Amino acid sequence: MTTLETPLQPGIGARASRLLHSCISSPGNIALTLALVLLAAYALPPLLDWTILQGHWSGGPDACAPIDGKQREGACWAFVGSRWTQLVYGPYPDSEHWRVDAVFAMVLAAGIALLSRRVTSKGLIGLLLILVAPPIAGVLLAGGVLGLPEVPVSRWGGLMLTVTLAGAALAGSLPLGLAVALCRRSSLPVIRVLAVGYIEFLRGVPLVPLLFLVMSILPLLLPPGTDLALLPRAIVAFILFNSAGMAEVFRGGLQAIPKGQFEAARSLGLSGAKTMALVILPQAVAIVTPGLLNVAVAIVKETTVILIIGLIDFLNQIQAGLADPKWLLGDQVRDSAYLFAGLVYWAVCFGLSRVSARLELERERRG
Amino acid sequence: MMQRRDIGAVAIQAAVLIVLGAIVWFAASNAAANLTRLGINTGFGFLWRPAGFAISQTLIPYSESSPYLAALTVAALNTVVLAAVSIAVATPIGFAVGLGRRSANGLVRGVSTGYVELLRNVPLLLQLFFWYFALLRPLPPPRQSLTLLGAVALNARGLFLPMPVADEGFGAVLAALVAGILLAGIAARMLARRRERTGDAPPAPPIVLALAIGPALIAALVTGLPMHWDLPHLQGFNYQGGLAVQPELVAMALALSLYSAAYIAEIVRAGLDAVPRGQIEAARALGLRPLTVSGKIVVPQALRVIVPPLGNEYLRLFRNTTLAAAIGYPDLTMVFGGTVLNQTAQAFEVMLILCAVYLAINGGVSALINWYNRRIAVAHR
C-alpha cells in the first residue's frame, strides 16, 4: 500500500546534488562558482593559518612580542586571555566581582527561560524581568545598602557596563514605548498630538546628538547642585531614543488587532482599561515580540556608542587595552582583539535575531 | 449640554497640560538659575562671532576667523557628502547582494546570506573601528602607496583620486546637456501620450537617451573636449593634486555603505519575494524572453515594494553618519555638538540648532519619500 502521509523530505545527498547542480547549471553560473571557489581558496587557508595554527593562545605580552626585532606572525589571542578580567568587569573592585556574576546569572537564567519552549508563563517572567530585575540588579551592582560596600558608577566598565546599559535601556524603553503607543491611539487630541510629537522628534534626531543633548541639557534642568553621573544620563538618552522605536513596534501590533475585538470586548461590558489589558494587549504582545527582539538587537549594537562620551564599555575596554604600551606589539594584536569583539557581539545579536525570525515564522504558520 | 464623558475628556487633557506645564516651569526655572550661576551667555549672537578653530575637511572656504555660522555650514556639508557617497556605494552593493540571495546558484546564495548575517549583527561602531584602526591606519606612508593605474593612490594619509577639471568651453557643454535633458523629457511625454492614444509609437528609450546626451556630446566634440583629469602625483612627502579624501571619510563611507548594504539586500530580497510566482510563469507562458520578464514584469512590481523601505534605510544611514565623532571625521555632530558646545557652553542654543538641522533634513527626505510612494502606489481596483 502506498501512503502519502509523510511529505517527501529530500535527504542530505539529494540536497547536496541539487546544490551542486545549481552551481553549474549555466555557463554564467559556472563562472560565478569558479570565481567564488578561487576567492575562497585564496583567502581561507591564510586566514585559518593566521587565526588557529599560528595563533598565540596563552601567556602575557611576551607571547606576541617580536623576537629579535622580527614581527611575530599569527593572531594574538593571549591579549584576550590576559585582559579577560578587565574586559568583563572593567575597573569594578576585584573582591566584589561575585555581584556582577550574580547579575549575569540572573540575566542568563531569565533569557533561557524566555527562549525555552517548555516554559509557559513567559508573560510573568517578562514582567518580572522588567519590573523586579532592574532594581535588584541596581542594588546589587551599586551597593551601599544591606551591608554591600558601595561601588560608584565611575567604577563600572567592560562587559558588565554593556549588559547594564542594554538591560536598563530595554527595561525602561519597553513600558515607556507601550505607554507612548497607547497615547498615540488615544481619542483625546492633546494626548495624541503630544505622543506624535514625541515619536517624530526622537525618530528624527540620531542617537549621538541625542546623547550630547541629554549630557549637556539634563544637568541644567535639574535643581542647582544636583550631580548626575555620566552613566545615568546615558541611560536616560538610551531609554528616550529606544522608546520611540518600541512605540512604533507596539503601534504596528495594536493596529493588527481587528476592530471586532474591541467591539466584542466592549459589548461584553468590559471597561476601556480592561479591554486593553485583558483582550487587546495579550494579542498585541504576541504579534510584536519579534519586532521587540529586533529593537533589543539594535540596543545591544548601540551600546557601543557610549564610548563617544567617554564611558568604558566592552568595546572601549578593548580600545583601552590596545592603547596599553605593553600591548603595542603590532597590528596582529588589534586584529585579534577586534575579531574577538566581533564574535561576541555577533553571537548575541545573531542569536537574538534567529529567535525573532523563528517566532515570526511560527506566527505566520499559525495564521 | 455637554455629556459627562466629554467633560471627563477635557479634564484629563487639561490635567496633562497642567502637569506638563509645571514640569517645564520647574525645569526652566532650574535652567535659569543654573545659567546665571555658571555665567553662561544666552542668545544666538555667538553665531556671528569668529569660531577660532580649524576643521580638517572644508568644502567651502573656511578659516579660523570665520564665524560659527560658517563652521555650522561646513560641518553640515561634511555630513551631507558622507551620506551621499555612502548611499551611492551602498545601493549597488545592496542590490547585488539582494539579488544574490535569490540567485539560482546555491553558492552565491550562501555567500550573500553570509554577508547579510555577518554585517547586520556586528555593531556599526566596531566595523568602523575595524576599517579605520585595523585597515586604513596601518597603511604605508605616501612613498609606498598602494596605487591603481597610476591614477588612484591609497596610503596612511588617505585616498587620492583623479579630479575632473573644466576647461574653457565647458559651460557650453553643460548648457547643451541641460537643453538635451529638457528636450528628452518633452519627447518622452509626447511618445507616452501617443502610445496611450494609438497603441503604437516608436520605441521610447533609444530616442529619449539620444536626445538627452546627444547635444552635449556634439557640443563636447565641437569645443574639443573641454575637460581634463587632474591626476594625483607624489611630490615631496605626500601626494599633490587630484582629489584628496581624508582617511576618516574613507573609513566612515566604507563602514556605513557596507553596513547599510546588508539591510538594502534584505529590502531587495523582500521586494523580489513580493512578486507572485504566477506573474513570472504567466510571462514565460506568453513567450517573453527572460530579460523581458525581469525588466517588464518583475522589476516594476518589486520596485513598488522596495522603494519605501529603501528610503527609510537611506534615512537610517544618514542618522548613522553621527558615529563620525568616534574617529574624528568633522561631521555636524562632532563639530557643532562637540567643539562649538565646548567653546560656547550655550547648550540650549547649540542643541536647538543641531536638532533642528537633523529634523529638517530627516523631515524633508521623508516628505520626498511619501510623495514618491503616493505617485507609484497602485490604484486598488
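Start by selecting residues 152-155 and 158-161 of chain B: these are strand 2 and strand 3, which run antiparallel and are joined by 3 bridges. Strands here are DSSP runs of E with at least two residues, numbered from the N terminus, and two of them pair if DSSP finds at least two bridges between them. You are looking at a predicted model, in which local features need pLDDT of at least 70, side-chain atom pairs count only at pLDDT 80 or more, and totals for chains, interfaces and linings use all residues. Residues are numbered from 1 along each chain as its sequence is written, while chains are lettered from A and ligands numbered from 1 in the order in which they are written.

Stay with this pair for a moment. Strand 2 and strand 3 of chain B form a hairpin, with 2 residues between them. Click on Ala153(B) and look across to Phe160(B), which stands opposite in strand 3.

Leu148(B) has Val152(B) as its bridge partner in strand 2.

Finally, show the 4 strands together: they form an open antiparallel sheet in the order 1-2-3-8 in chain B. Strand 1 (146-148) and strand 8 are at the edges with a single partner strand each, so one side of each has no neighbour in the sheet. From one strand to the next, the twist averages 15 degrees, taken between N-to-C directions of lines fitted to C-alpha atoms, on a scale from 0 to 180 degrees.
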